Amino acid sequence: MIRKAAIQTIDPRAFEKLIAHLWKAKGYDVTLRSESHDRGVDVEATKTGYKEVIQAKRNSSGNIGSQIVRKYATLYQQIPTANAVVIAAAGGFTSEATELADDLNVTL
């Protein structure tokens, strides 16, 4: 088992690779995007025609707020073939972020 504190201190790119590995373990075909110019998508995961676009947030302090959820909800417009937008975080989310994610169909 990996401890939360350990995940929150790893290199951000290593966290993106960890997320890609987790989705691959769930049976998805994954593409890890390059570090620069990824336009908010760190990992693309596809399984039986179903595409998830994933933003990996290795937040080392505090919870992710609603402004981050709002920002990445636009991935539906950037990648029209996406069936789901996912924000995978090393930490938690505020209650406002959780509520907004439900409203905008973003998976946390």
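**Stop one: a valine**

Select Val 85: this residue is buried, with a relative accessible area of 0% (buried means under 20%, using a 1.4 Å probe and protein chains only). A note before moving on: this is a predicted model, where local features need pLDDT of at least 70, side-chain atom pairs count only at pLDDT 80 or more, and totals for chains, interfaces and linings use all residues. Residues are numbered from 1 along each chain as its sequence is written, and side-chain values use heavy atoms, with hydrogens and water left out.

Val 85 sits in strand E4, residues 84–89 (strands are DSSP runs of at least two residues, helices H or I runs of at least four, numbered from the N terminus). Now show its contacts (heavy atoms within 4.5 Å): beyond four places in sequence, they include Val 53, Tyr 72 and Asn 105.

**Stop two: the sheet**

Colour the strands next. Five of them form an open, mixed sheet ordered E1-E2-E3-E4-E5. E4 and E5 run parallel, joined by 2 bridges (pairing takes at least two DSSP bridges). Click Val 86 and you'll find Thr 107 of E5 opposite.

**Stop three: the helices**

Select H3, which lies across E3, E4 and E5, at about 145° to E4. To see the contact, show residues including Val 69 of H3 and Leu 100 of H5.

How values were computed
Buried means under 20% relative accessible area, exposed over 50%, partly exposed in between (1.4 Å probe, protein chains only). Axes are lines fitted to C-alpha atoms, for helices over the stretch in contact, and angles run from 0 to 180 degrees between N-to-C directions.
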